Each structure stands twice: as C-alpha cells, then as structure tokens.
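Hi,

Here is the structure I promised to pass on.

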Amino acid sequence: GNYKISPGHLAVLEILKLVYSVFPGTSRSSVTRCKPGANCPSSHSGISRQLSPLSVTEDSSAPILELQNRGSSGVCGHRVERQNRSADDGTQTHSENSSQENRIKARCLSCTSMVLKGIWGLLIILSVSSSWVGTTQIVKITYKNFYCPFFMTWFSTNWNIMFFPVYYSGHLATAQEKQSPMKKFRECSRIFGEDGLTLKLFLKRTAPFSILWTLTNYLYLLALKKLTATDVSALFCCNKAFVFLLSWIVLKDRFMGVRIVAAIMAITGIVMMAYADNFHADSIVGVAFAVGSASTSALYKVLFKMFLGSANFGEAAHFVSTLGFFNLIFISFTPVILYFTKVEHWSSFAALPWGCLCGMAGLWLAFNILVNVGVVLTYPILISIGTVLSVPGNAAVDLLKQEVIFNVVRLAATIIICIGFLLMLLPEEWDEITLRFINSLKEKKSEEHVDDVTDPSVHLRGRGRANGTVSIPLA
C-alpha cells in the first residue's frame, strides 16, 4: 500500500549509502527493507555490526596483518629458499660426484679394454710371426727330401676348407644366441651379395681369387728354393708397397708422399737384394719369384676390396673355405697332370713326408686364421707388425742353421725393405696428427714458462679481490 517514510528512516538509509560507498566490500544483502512500523532487528544488527569500532579495527588492521604475514612469509621464504638452495647444492654435489664416479668407471673400462687389446695384440704378433716363420722353415726342411712346390701349394690350400668349421666352433663356444650351421652359413654368405652364394657367383667370384691365391703361394715356394728364408720373407714384405700403388691407380685412393717414399725404398731393397749375390742367376730368378708372389698378393687384396669390400670374421672364414672347395674341385687336375708328366713325381704316397706337409699346411691355416682373428681382437696395424717381424725371426733361424751369411748389402736391403713396410703402416692423417702433437707440446711448454715467470704476488692480489668484500656506495 501507500506509506510514508519517516525522516528517521531516510537518515538511516543515507547512513547506509555512505557506509556502502566507504566500504565497498559490504554486501547489499545486509540492507533490508522494512515495512513501516515493523521491527527490523536484522537490519539494526547489520548496521551495528558494520559500524562497530571492532569491525572497523579488524578491517583496517587487515592490510597490516597482511604486511606482517608477507614479512614473516618473506623471512620464512628466505629460509625456505636457503634450504632449497642447500638441498639443490646437495643434489648438485651428489650428481657431480656420481658423474665423476661414472667418468672414472668409464676411464677404467676404456683403460682395461686398451690393456686387454694390447695384451691380445702382443699375443697375436708373436703368434702371427711364429706361424709364418714356422711355415717358411718347414718348407725349407721339406725341400731336402721332397721338391714338389705345386703339390704342396694345392695340399695346403685344401686345408682352407676347415676355416669355417673352426669359426663356427668358436661361435658355439662364445655366442649367447647360437645359430644352426646352415643359418650361420647363409648369414656369412652375404659377402657374395644379397642372394648369397649361387653357382654363378661361386664360379665368377671364387675363380679369380683362387687362381691368385694359388699363384701367390706357388711363387713363394719357388722363391724359397732359390733364396734363403730371410730374403724371401723380406721381399714378400714389398706387397704393402704394391697394394698402395695399385690402390692409388685402380681404386683412386688418396695420394700420400710418405707411401711413395716407402714404395721407392721397397724397390731399392729389391735391387739391392739381387745385387747382394752379384746378380747371380739363381739370385735374380729367386728375387723375381718373391716379387711376383708379393705382386699377386697385392692384386688379390685390391680386387677383394674392389669387388667384395670389407668383410667381418665370419664372412672371411666363409670366403676362405669357399676358396678351399674351389681348389679341391677345379684345381685338383693340375697336380695330377704334373705327376704323370714327371714334372712333380714321387715314388709312392707312403714315401711322402706327411709330417712336414701337414705341419706346413696346419701352420699356414693358423696364419690365415690368426690374421683374421687379430683384426677382431686387437688393432689391425699389429697384424702387419707381426708379419714384418717374421723377417728377423727367419734371420735368427737361418743364423742358427748357418744357412746364410749376412753381408753389408743384404743386411742394408733387408733393413730398407722393413723400414718401407713400416712407413706403409702410417695412417692417412699422420701429418695432421704429428702437427697436433707438436702444437700440444709447444702449448704445454709455453704454459709452464708463463707459470714460472708470473709473480706470486699477482696471484695473492687476485685471490684477495676474488674472496674479499665488495664495497657498495651509499645512495
């Protein structure tokens, strides 16, 4: 209905508006309409609550409490930050310690592997040189009663068939996941291509390498009839120089001046070796046979790299065994022809020196296995060092047997060929490695010189500045 608002109520409303404008957080629900003549306790209590001095004090003290809370929280925050920093520092130091331990373990493992490789390398060097020296000396002993070099070559090459069975036996003894012989054979036959070993590839790829293998060994045995074991083994070391020259011409390998020098040294040693016996007929023929053996060996290696690329141990074992099968199937007619034509004839099979023949073939097989195993177990350069060490080994045996008299020319030729062989073993980046090594030595010497010349007071002043207090100008 119609009703009139008393002046008192208007005054109360004006006061409420004023309070609401001063304290915007005051809720509108606290202001209620009252009918005239009705009691409004809630409104009065709301008004008294809003205008009580305590409430004003609480509201006005809220920012102060907030500041105090912020201040206390700031102090606590600094403490928490310090604790967090100390915890972070602890975790960082722990992680640094663990990383240092991991580095130390990695270094220990690398040092252990290097030591093991070095030990294996030493054993491989001795085994390779001993097997090659033994093969050469047994051939010389066999020649005293039995001279059939092609039959000896054919017989020893047939033993290559056992290379893959020896490899598979090692696989069964060492591998965790063992494979069947046929599966392993197919896996290793990938050296011939993705399709494996087919009859076409067997004839196409195996025939030239088998012929080169037979020629290399046959010429080596022919040279041993004309020359001493020391001379033949030294001349055979020239194959490294021939490999470089053929690789440079055929494979377009990088030109290296030091290897050209090594090749020239090898050729010089060959000429001096022929001159050592005043160019005697047997000496010249023997040198020609030895150089021919080194040349066919180099051609074998270059063609292998060209057509087949690099091979792992299993593929090499498969390939050498395949050469043995090819030799047994297709080259067996040659010693038969030589036997019936009286070129290489013997009275009966019982008269053959089977002990020497089996010893020669076994050591030759061991040499080929060790060369391929050594590449897996140790550094390839050590295999070459083992080969060149056969020269002093044969020289020692020849001196004990009193079969050779070293004159100055022969000794100089042997040393020159061996030096040329060792120069061939230098890596392609040998000049850069040498320059880096020289520069590192120069830097170390300069640092030591600077440390000696520097005044110790400078270090003390530097430490005082680093560890002293820093003065901040007042505003």
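Is helix 4 largely enclosed by the rest of the structure or left open? It is largely enclosed, because 10 of its 10 residues are buried, where buried means under 20% relative accessible area, exposed over 50% and partly exposed in between, with a 1.4 Å probe and protein chains only. The buried residues of helix 4 include P149, F151, M152, W154 and N158.

Before the rest, a word on the basis. This is a predicted model, in which local features need pLDDT of at least 70 and side-chain atom pairs count only at pLDDT 80 or more, while totals for chains, interfaces and linings use all residues. Residues are numbered from 1 along each chain as its sequence is written, and side-chain values use heavy atoms, with hydrogens and water left out.

**Overall picture**

The protein has 19 helices and 0 strands; these are DSSP runs numbered from the N terminus, with helices being H or I of at least four residues and strands E of at least two. Of its 475 residues, 35% count as buried. Among contacts (heavy atoms within 4.5 Å) with a separation of 6 or more, 82% join residues 24 or more positions apart.

**Cores**

The largest nonpolar core holds 62 residues, and F146, F151, M152, L224, L235 and V287 touch the most other members. By nonpolar core I mean a set of buried Ala, Val, Leu, Ile, Met, Phe, Trp, Tyr and Cys residues joined through side-chain atoms within 4.5 Å. A second, separate core has 20 residues, including Y167, F304, L308 and L365. M152, one of the buried residues of helix 4, touches V139, T142, Y143, F146, L221, L357 and M360, leaving aside residues up to four places away in sequence.

**Cavity and pocket**

Searching the whole structure gives 1 cavity of 30 Å³ or more, and the largest cavity contains about 40 Å³ of space. Both terms below come from a 1 Å grid over the protein atoms alone: a cavity is a set of points where a 1.4 Å probe fits but cannot get out, a pocket is an open set with protein on both sides within 12 Å along at least five of seven lines, and lining residues have an atom within 4 Å of a point. Grid points are joined across faces, edges and corners, and a volume is the space filled by probe spheres set on the points.

Which residues line the largest cavity? They are S156, T157, N160, W213, N217, A361, W364, L365 and N368. Helix 4 (149-158), helix 7 (199-226) and helix 14 (354-377) each supply at least two of the lining residues, and helix 14 gives the most, with 4. By class, this lining has 4 nonpolar, 5 polar and no charged residues; Ala, Val, Leu, Ile, Met, Phe, Trp, Tyr, Cys and Pro count as nonpolar, Asp, Glu, Lys and Arg as charged, and the others, Gly among them, as polar.

The largest pocket has a volume of about 1,800 Å³. Its lining has 49 residues, and K240, K301, V371, V375 and S384 lie nearest its centre. Elements giving two or more residues to that lining include helix 9 (239-249), helix 11 (281-307), helix 12 (313-330) and helix 17 (408-424). The pocket lining divides into 29 nonpolar, 13 polar and 7 charged residues.

**Cysteines**

How many disulfides does a search of the whole structure find? There are 0, a disulfide being a pair of cysteine sulfur atoms within 2.5 Å. The sulfur of C418 has its closest cysteine sulfur in C237, but at 5.6 Å that is too far for a bond. C418 counts as buried at 14% relative accessibility, whereas C111 is partly exposed at 44%.

**A few single residues**

K342 is in the loop between helix 13 (333-340) and helix 14, and is exposed at 58% relative accessibility. Its phi is near 65 degrees, a positive value in a residue other than glycine. Most residues other than glycine have a negative phi.

S130, in helix 3 (residues 53-142), is 256 residues from G386 in sequence, yet their C-alpha atoms are 8.6 Å apart. L422 lies in helix 17, and is 160 residues from A262 in sequence and 8.3 Å from it in space, C-alpha to C-alpha.

Best wishes
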